[in-house]
Amino acid sequence: MKYIKLIISFVLTIVVFYALNTKLGAIPPIGKFLNPAGGVWQNETNEVLDGNVNIQGLSASVTIHYDEQLIPHIFAENEVDLYKAQGYITAKHRLWQMEFQTHAAAGRLSEIVGSDALSYDRTARRRGMGFGADKSLEKMQEDPEVIAFLEAYRDGVNSYIETLDAKNLPVEYKLLDYKPEPWTTKKTALLLMYMTKMLAGGDDDLEYTNMLRKFGKDRFDLLFPDFYDITDPIIPKETDWSYIDVDITKTPQSELPQDTISQTIEKPHPDNGSNNWAVSGAKSVTGNPILANDPHLGLNIPSIWFVMQLSTPNHNTMGATLPGALGVISGFNTHVSWGETNATRDVLDWYKIKFKDSTRTQYKYGNDWKNTNVRVEEIKVRGAKTFIDSVIYTHHGPVTYDHNFMGDNEKSGYAMKWIGHTGGNNQRPFLALNKAKNYEDYVTALKDYTAPAQNFVFASTDGDIAIWIQGLFPNKWKGQGKFLLDGSNPDHDWQSFIPQAFNAHTKNPERGFVSSANQHPVDEQYPFYVFNDGYETYRNRVINDFFNSKDTFSVNDFKNLHNNNYNLKAAELLPYMFKTMDVSSLTSEEKEIYNQVKLWDFNNDIEKLGPSIWRAWWYKLYPMIWDEFDSETEAMTSPFAYQSIYLLTNQPNDPFMDIMETPNKENAHDLFLLAFKEAAKELLDWKATHGEYHWQAYKATRVSHLLQGLPAFSRFDLPIGGDASIVNATSETHGPSWRMIVEMSSPPKALGIYPGGQSGNPGSMYYDNFVDDWAIGKYHELNFLPNATSTNHIMATQMLTPSN
Amino acid sequence: MSKTNSINFVVTIIIAAILSQFLPWWSVMVAGFVSALFFNLKRAATFFVPFLAIFCFWSIYAFIMSSANDFTLAKKIAVLLPLGGNPYVLILVTGLIGGFAAGIAAIFGNILGSLVRK
């Protein structure tokens with residue numbers, strides 16, 4: 001009896017141990033997790049910011065001053081030490097994020113979250129994310145200095161990882177029960193690929209192919225014109241291009257494949273975008289040029305940005321860094337300031353591949369067969385078997401779609417040609433910008449930058465302002481790559497690249513300002529082929545109108561413009577709707593909503609009802625217009641908002657306006673009413689559960705934790721107005737991920753803020769302490785220290801010292 | 001509380017406190033086990049004395065860690081688990097989990113101890 005009891009109690013002990021030590025579904029290993037001596041309670045603390053830390057391989061001591069915003073100011077004796085310290089300090093505050101983002105880039109999320117992420121990971125592998133990172137690392141090997149910096153950064157990160165034991169791992173590791181792996185130079189390359197995918201990984205070629213086949217060229221061109229009737233391009237229209245002595249590629253005589261494609265991989269979020277602008281000294285109240293940048297990315301926490309000052313005896317730089325990459329990405333130094341917006345361009349094309357047979361070892365190219373390569377992608381899956389996905393590579397790129405992935409033909413597939421696979425040393429340009437002293441340095445720094453193409457705005461204490469649209473762009477024949485191309489026809493390959501010197505740019509334009517907001521880079525006069533690949537058409541006009549509205553501008557004007565909520569899109573359609581819609585059938589409840597929106601001043605301010613009504617109305621109207629493209633069997637897309645509104649107001653009786661499933665023939669004016677009635681119903685239902693539909697509540701902007709938006713670590717219902725297509729481009733989940741304004745006095749004076757906090761630890765008071773100020777449009781002064789001995793507004797100092 | 005109960009209670013906490021500095025969370029199971037091995041308990045006390053000891057140790061430890069930081073993280077974890085966002089409930093749960101693990105291990109230790117002594 002005693003022995004039976006012994007065995008039972010022993011088994012029970014083992015069971016309890018196992019149950020509390022194991023991650024069960026979404027529940028962390030609860031004994032381990034709640035242990036006050038080693039679990040999550042150990043993260044219930046602010047960060048240690050003082051004392052000495054020994055770091056292997058430093059050549060001299062590095063001083064880290066922390067200011068009251070937990071911004072580290074790093075003073076090193078040379079660049080190798082600087083980037084080592086940057087790696088160490090970034091890891092100290094953002095390690096989990098650094099690893100998570102690079103795992104996402106590499107298609108390795110299944111390793112940590114299990115089979116839920118398998119389709120995400122497969123897509124990443126089939127995009128050739130790892131292949132692209134390998135290529136860029138190969139390219140960077142040609143630049144030994146950059147490799148030395150990447151290695152210093154790596155060693156810095158790893159010095160931090162070595163200080164960790166189980167009890168001081170970041171919370172997310174404890175939650176998911178895994179451990180960090182060492183940082184590598186490839187991870188930096190993967191992070192740059194992550195940005196390239198986010199900003200230059202979109203296209204609609206396959207959707208366009210379906211639509212062209214179905215509706216014919218005339219109808220397609222009506223829906224997707226290369227240029228709109230209004231264009232206010234980044235490079236002013238009056239620019240003289242006569243210096244360009246290279247011709248556009250000649251259009252070959254050939255046929256495009258007319259395939260039917262049923263589904264395509266996920267696109268980057270359409271709300272990714274940005275604003276930047278600068279005014280010249282002559283147009284500035286103080287006489288100093290002023291520059292601003294606000295990249296609109298996913299509003300995540302920990303933020304994609306981490307603010308730092310990076311300094312050696314030869315340069316002193318401050319601004320937003322990307323955890324995982326070296327140097328400052330959007331910022332300023334003693335002499336110059338710079339910032340980026342995305343230069344959307346079609347740098348991703350699809351080629352139809354015809355394999356010789358089902359072994360797929362050869363594919364048709366010209367009159368011959370060319371050999372394929374295979375990249376075996378091994379996807380480790382937590383709690384399940386490793387998934388092997390072999391991706392076939394052609395000279396175009398990976399055959400993303402084949403019979404194993406979203407396709408069904410064993411002998412054909414679609415290969416991706418993407419600038420992300422070209423290999424580029426895209427770390428060097430940023431490091432060179434960090435040290436730039438004038439316009440010439442800036443131009444030299446940008447030369448070799450390939451992707452993701454950006455509109456680099458620039459201002460200097462010398463008084464210059466400029467903007468360069470920089471990236472590696474194929475010199476395409478007119479129409480090339482708008483649709484699926486023939487991978488067996490050598491004429492369909494990218495023939496050459498636009499010489500870098502002929503990338504569109506402007507320096508000190510007559511109008512006294514430069515700006516970009518993801519709009520058309522140039523107008524039709526630019527000699528190379530550029531077509532509307534999703535260019536923004538609203539923010540840019542509001543920005544340019546503002547800078548044309550008066551003679552001089554101040555930092556305060558810049559703040560107001562960042563926070564400008566004017567909804568030009570609504571202002572261009574609503575008056576027409578009011579004029580043409582038959583309101584006789586509205587019920588009294590509907591009439592009340594109608595009157596509310598009629599009184600609206602087109603500003604998306606948080607307390608207003610108008611923006612919510614407009615949103616509900618437009619979201620009902622848009623799919624009604626384009627019901628023709630809602631298909632299960634063919635991937636299609638819908639025209640952009642600008643062209644949709646153009647057609648509504650200029651061709652209200654176009655057959656596209658008809659709703660196909662009703663027997664009646666609707667025109668645009670009928671759609672206004674139908675959509676309004678549906679929107680009114682939705683608003684009333686919303687009101688019944690949530691209360692008044694003012695814009696803040698109805699839009700409900702949130703800043704979501706990177707890990708599946710865990711509500712516990714996220715912030716909700718932020719009091720911020722704006723929306724996509726508005727200068728204050730804050731939608732539910734996207735918006736100004738960093739706002740910076742720099743006045744080019746000597747030394748420059750800068751403001752900056754982002755929706756998050758410097759610390760990645762949800763237990764720290766610095767985890768989300770910028771969020772509230774950001775939402776209400778406030779800025780923090782960036783404390784640009786002149787040197788290491790300055791301790792102005794410094795709350796703690798840490799020394800990194802060489803260890804022997 | 002009998003004398004053995006009190007001794008077991010105190011010894012369990014002391015062992016747990018020492019082991020927690022260099023062993024993972026299951027050090028509380030070792031503490032419950034070892035303490036019961038040497039200080040034999042009777043009936044319900046077999047479970048409840050070590051349970052109470054570790055309940056106190058973990059919840060007080062958690063409270064000290066968290067109150068020093070205004071319960072910033074505890075409030076969030078209490079949303080995550082989900083415990084209504086109440087940090088005190090999280091502290092209570094922490095104590096219960098630790099106490100339960102120690103109590104079960106102590107039953108095993110108790111039975112083994114009495115067998116060895118015979």
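Reader: Why is α17(A) called oblique to α19(A)?
Author: In this predicted model, the axes of helix α17 (residues 610-625) of chain A and helix α19 (residues 668-690) of chain A cross at roughly 130 degrees and come within 8 Å. Angles under 35 degrees count as roughly parallel, over 145 as roughly antiparallel, 65 to 115 as roughly perpendicular and the rest as oblique. The angle of roughly 130 degrees therefore makes α17(A) oblique to α19(A). Axes are lines fitted to C-alpha atoms, for helices over the stretch in contact, and angles run from 0 to 180 degrees between N-to-C directions.

Reader: What makes up the contact of α17(A) with α19(A), by class?
Author: There are 13 nonpolar, one polar and three charged residues. Ala, Val, Leu, Ile, Met, Phe, Trp, Tyr, Cys and Pro count as nonpolar, Asp, Glu, Lys and Arg as charged, and the others, Gly among them, as polar. Residues in the contact include W617(A) and K620(A) of α17(A), and F672(A) and E678(A) of α19(A). Being in contact requires C-beta atoms, placed from the backbone, within 7 Å.

Reader: Which residues of the largest nonpolar core touch the most other members?
Author: I74(A), A278(A), I290(A) and F458(A) do, out of 199 residues. Such a core is a set of buried Ala, Val, Leu, Ile, Met, Phe, Trp, Tyr and Cys residues joined through C-beta atoms within 7 Å; buried means 20 or more other C-beta atoms within 10 Å of the residue's own. α3(A) gives the most to this core, with 14 residues. A second, separate core has 54 residues, among them L34(A), A62(B), A102(B) and I104(B).

Reader: How many residues does each chain give to the contact of chain A with chain B?
Author: Chain A gives 34 residues and chain B gives 29. On the side of chain A, α1(A) gives the most, with 11 residues. That side divides into 19 nonpolar, 11 polar and four charged residues.

Reader: How are residues and chains labelled, and which pLDDT limits apply?
Author: Residues are numbered from 1 along each chain as its sequence is written, and chains are lettered from A and ligands numbered from 1 in the order in which they are written. Local features need pLDDT of at least 70, side-chain atom pairs count only at pLDDT 80 or more, and totals for chains, interfaces and linings use all residues.

Terms used:
Helices (H or I, at least four residues) and strands (E, at least two) are DSSP runs, numbered from the N terminus. Two residues are in contact if their C-beta atoms, placed from the backbone, lie within 7 Å. A residue is buried if 20 or more other C-beta atoms lie within 10 Å of its own, exposed if 12 or fewer, and partly exposed in between; C-beta atoms are placed from the backbone.
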